[in-house]
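Q: Could you take me through this structure as a tutorial, giving the general idea of each feature before the case at hand?

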Amino acid sequence: MNSPIMIACAHGTSSTQGASEVNALRDAIAALRPGLDVREAYVDVQQPDLVDVVAGLPEGESAVVVPLLLSVGYHVKVDIARAVKSRSGSAAAAPLGPDPRLAALLDQRLREAGVTDRDVIVLAAAGSSNPKAAVSVEELLGQLQELRPNRMVAAYGASAKPSVPDAVAMLREELEGGAGAGASAGAVDVGGRVVIASYLLAPGYFHDQLAKAGADLVTEPLLPSPVLAEIALERYDAAVAKARETAAEKAAEPPAEVPASEPAAAPAEAGPDAQQGGFFKAVRRFVTKYFPR
């Protein structure tokens, strides 16, 4: 059985470096799975647009859209879902995050930047109007907190609260001994720095905004890393397995019963009156035939 086409769908960016990083991620996915047809698509900014890619799939070919996105949000729940619904035989995989391996990668980026236990951290995500996106980011935050003792809060570039600049200002005030500092704030050691951990896939508009948020340090985005390609393939495999399981369940269902045609009505038994009437008719015919008037 041929593997479904993978449509590796990213957000899209005007950053040349960001676009290059995402293209390299697709190449890494293809290198890990030789023979898999991996196609390019975007939900914003860049072309080809996801809707056009899905519409242009070969006749009879199935496909799985893998969101190269870090959380559930509008693009997953609306744009990708709508594109998948428009094409029979296509399915959507889960986004790349949250995942403990992404938390480990963030920890690696923090260590590469020289972040110490005294620093406070803003986990900066792009943000979405979909509440489930914030839940995903909070889950990732919990995974990162299992790896580091730092005081941490999640914040967003757009559409959700707190904003990254507000979170930076709040932690700065805590470090300086202002309102909210102390044990209730997580026992922050005065003297540390405010660090933004970039929970973004690649350079682009949102990552550029992080440098303007007032932190002492901003980490690099998640790419490049082989971890992202591994997670993308796992999301693809899970979606393929689910689609085949669903198809097998439907095939195993007994066919719907077709109502049997109504049997022809049995002739009603003649009652006593009918039987008696038939006897007199027979006598009359006999008399008429053999004893005519």
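Q: Is Ser163 buried or exposed, and how is that read?
A: Buried means under 20% relative accessible area, exposed means over 50%, and partly exposed lies in between, with a 1.4 Å probe and protein chains only. Ser163 has a relative accessibility of 18% and therefore counts as buried. This is a predicted model, in which local features need pLDDT of at least 70 and side-chain atom pairs count only at pLDDT 80 or more, while totals for chains, interfaces and linings use all residues. Residues are numbered from 1 along each chain as its sequence is written, and side-chain values use heavy atoms, with hydrogens and water left out.

Q: Where does Ser163 lie, and what does Ser163 touch?
A: Helices (H or I, at least four residues) and strands (E, at least two) are DSSP runs, numbered from the N terminus. Ser163 lies in the loop between strand E6 (152-156) and helix H6 (164-175). Contact means heavy atoms within 4.5 Å, and, leaving out residues up to four places away in sequence, Ser163 touches Ala155 and Tyr156. A polar contact is a pair of N or O atoms within 3.5 Å, where within protein one must be able to donate a hydrogen and the other to accept it, and residues adjacent in sequence count only if both atoms are side-chain atoms. The side chains of Ser163 and Asp166 are joined by such a polar contact, of 3.2 Å.

Q: Which backbone angles in the loop between E6 and H6 deserve attention?
A: Most residues other than glycine have a negative phi, and most peptide bonds are trans. The peptide bond from Lys161 to Pro162 is cis, with omega near 0°, and Pro162 is in the loop between E6 and H6. Ser159, which is not a glycine, has a positive phi of about 70°; Ser159 is placed in the loop between E6 and H6 and is exposed, with a relative accessible area of 60%.

Q: What is found in the loop between E2 and H2?
A: A cis peptide bond, with omega about 5°, joins Gln47 and Pro48, and Pro48 lies in the loop between strand E2 (38-42) and helix H2 (50-55). Val45 lies in the loop between E2 and H2, has a positive phi near 70°, and is exposed at a relative accessible area of 52%.

Q: How do the axes of H4 and H5 cross?
A: Two packed helices are described by the angle between their axes and the distance between the axes. Axes are lines fitted to C-alpha atoms, for helices over the stretch in contact, and angles run from 0 to 180 degrees between N-to-C directions. The axes of helix H4 (residues 100-112) and helix H5 (residues 131-145) come within 9 Å and cross at roughly 60°. Angles under 35 degrees count as roughly parallel, over 145 as roughly antiparallel, 65 to 115 as roughly perpendicular and the rest as oblique, and H4 and H5 are therefore oblique to each other. The contact is made by Pro100, Leu102, Ala103, Leu106, Asp107 and Leu110 of H4 together with Leu140, Gln143 and Leu144 of H5. Ala, Val, Leu, Ile, Met, Phe, Trp, Tyr, Cys and Pro count as nonpolar, Asp, Glu, Lys and Arg as charged, and the others, Gly among them, as polar; the contact of H4 with H5 has seven nonpolar, one polar and one charged residues.

Q: How is H4 oriented to H8?
A: The axes of H4 and helix H8 (residues 226-252) come within 10 Å and cross at roughly 170°, which means that H4 is roughly antiparallel to H8. Here Arg101, Leu102 and Leu105 in H4 meet Val227, Leu228, Ile231, Glu234 and Arg235 in H8, a contact with five nonpolar, no polar and three charged residues.

Q: Where is Ser136 found, and which residues is Ser136 in contact with?
A: Ser136 is found in helix H5 and counts as buried, at 9% relative accessibility. Apart from neighbours within four places in sequence, Ser136 is in contact with Ser71, Val72 and Pro98. Ser136 and Ser71 are 65 residues apart in sequence and 5.8 Å apart in space, C-alpha to C-alpha.
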